[in-house]
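Here are a few exercises to work through with the model open beside you. Try each task before you read its solution.

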There are 2 protein chains.
Amino acid sequence: MANDTERVYRELRRSIVEGVEPPGARLTEQRLATRFECSRTPVREAVRRLESEGLIVVEPNRGAHVRPLTEDEIADLYEVRARLEAYAAELASVRAEPAERLALRAAADAFDGAAGAVIGRPDDIALVRRLDEANGAFHGAVLSMSRNRRVQTLVAAAVDAPLVFQALQRFDADELRRSCLFHHLITDAIAEGEAGRAGRLMTEHVLQGRDALLAHLSAVGGLGELFEVGA
Amino acid sequence: MANDTERVYRELRRSIVEGVEPPGARLTEQRLATRFECSRTPVREAVRRLESEGLIVVEPNRGAHVRPLTEDEIADLYEVRARLEAYAAELASVRAEPAERLALRAAADAFDGAAGAVIGRPDDIALVRRLDEANGAFHGAVLSMSRNRRVQTLVAAAVDAPLVFQALQRFDADELRRSCLFHHLITDAIAEGEAGRAGRLMTEHVLQGRDALLAHLSAVGGLGELFEVGA
DNA sequence: GATCGCTCGATTGTGTGCAATCCGATGGGC
DNA sequence: GCCCATCGGATTGCACACAATCGAGCGATC
């Protein structure tokens, strides 16, 4: 099935999340239409959808840009996410069924494998993508075990942002190993039905991600050095 | 400025939130275009935006419906909201400036006034709307004091849902007075910088809203009695 | 009588043209 | 030399037409 809107939405979204279109990049409907070989109509819809997700800002009659994020906004994003995912982990501890607990363990193991593969080869985009997917699968499993659809959609909206993917790409071996450890600790807590502990661990885990990203940013001299925001 | 998309979006949204378009109601682009006296293009954009907010479901090539909510989903909604607003209240306790604390007190007082006006006259839609706005102003003030934009947008997406407005409409005097009390208790906690207490009070306040809505629903025999979901 | 296939109406999906709007550049006035 | 009005290109906002798609209902067949 050739649904242009959906196709443009997914590909453009990926370009933004992975940083191919850097924050601040200008996105005109006409150029995107040419690039995706369709008319402006489906492009327009995809752009509006990304706007309502907060990945893009559209200035009326002026054009759309990939939304530039300040360090404060990155911190906000991770902190809200920490709250929501901690809540999901608490619910999961209470509501999960045996089969789901096993699947969660499997997801944690799969992340271990993807992390092992990426260590020492951070330039292999395919491996990073696999790591990103494994990470998404683990967190997605917790969310799904929470049985709260609303929290799932809200986290989905808060999880994909520019820079997050690149952050994963820049994680060093220590950070990756710590993530693996946290995933297993969280899995244990959920398996044992210890909601409070699961929530606290998840909070710490997400905030660790925030700190890692912010540390990398300041190490390279801030956002401005990475991207020409005004370009 | 006559921006049709924006106009259609706002008016249609209000119709849905206030229950003029009941859950399950069918919304075809052509009919909406006629109703709003414009072409299908802006209608389409407004519908898609409402879809991404979760107020509408669009079945491909089939048509759009106001999203029917189950009681479970209503509970989910309020519980997520409780977490997010509690977080905002904690942040506000730490970050708010004196002028904002005064403004919050004023918002709580304004809600008292609107609640007093609506008691005994629950059929006056204008009064209920004012109450809804006063409530939104209070909660919005807390969110704004949190200095976390992300939590503001997420709560905004979680706060407007079908039935919530009607719930307010059905609140009896006791429930309204309890809301007033909670608003002032929360204001006090924030003013005194007691983050933990502010968060706990906010949680309780939002969950009280959930219980009131669910109680009213079961009192009238469940969702099915209120609306023909399949219609 | 039940089931399958077909046609048809309704609705969305997409392409395209034109009008409205905005920013920047340019030129004249002071 | 500086400032303001004006003009032009670029871009979105909207309308409309046509194509694609889906399900419902009808009729033929077994």
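**Exercise 1. Find how many salt bridges cross the interface of chain A and chain B.**

Step 1: Apply the rule, which asks for a side-chain nitrogen of Lys or Arg within 4 Å of a carboxyl oxygen of Asp or Glu. Across the interface of chain A and chain B, this rule gives 6 salt bridges.

Step 2: Look at an example. Arg48(A) is bridged to Glu45(B), with 3.9 Å between the closest N and O atoms.

Step 3: Turn to polar contacts, pairs of N or O atoms within 3.5 Å; within protein, one must be able to donate a hydrogen and the other to accept it, and residues adjacent in sequence count only if both atoms are side-chain atoms. Between chain A and chain B, 7 residue pairs are in polar contact, both residues being at pLDDT 80 or more.

A note before going on: this is a predicted model, in which local features need pLDDT of at least 70 and side-chain atom pairs count only at pLDDT 80 or more, while totals for chains, interfaces and linings use all residues. Residues are numbered from 1 along each chain as its sequence is written, chains are lettered from A and ligands numbered from 1 in the order in which they are written, and side-chain values use heavy atoms, with hydrogens and water left out.

**Exercise 2. Work out how much area chain A and chain B bury between them.**

Step 1: Buried area is the accessible area (1.4 Å probe) that two parts lose on being put together, summed over both. For chain A and chain B the value is about 2200 Å², with 51% of it on carbon and sulfur atoms.

Step 2: Ask who contributes. Arg83(A), Tyr87(A) and Arg150(A) provide 30% of what chain A buries against chain B, more than any other three residues.

Step 3: Count the contacts (heavy atoms within 4.5 Å). Here 21 residues of chain A meet 21 residues of chain B.

**Exercise 3. Describe what surrounds DNA strand D.**

Step 1: Take residues with a heavy atom within 4 Å as near. DNA strand D is surrounded by 21 residues, and Arg44(A), Asp4(B), Thr5(B), Ser39(B) and Thr41(B) are the closest.

Step 2: Check the DNA side. Of the atoms of DNA strand D within 4 Å of the protein, 77% belong to sugar and phosphate.

Step 3: Zoom in on single atoms. The side chain of Thr41(B) has an N or O atom 2.8 Å from a base nitrogen of DNA strand D. Asn61(A) places a backbone N or O atom 3.4 Å from a sugar or linking oxygen of DNA strand D.
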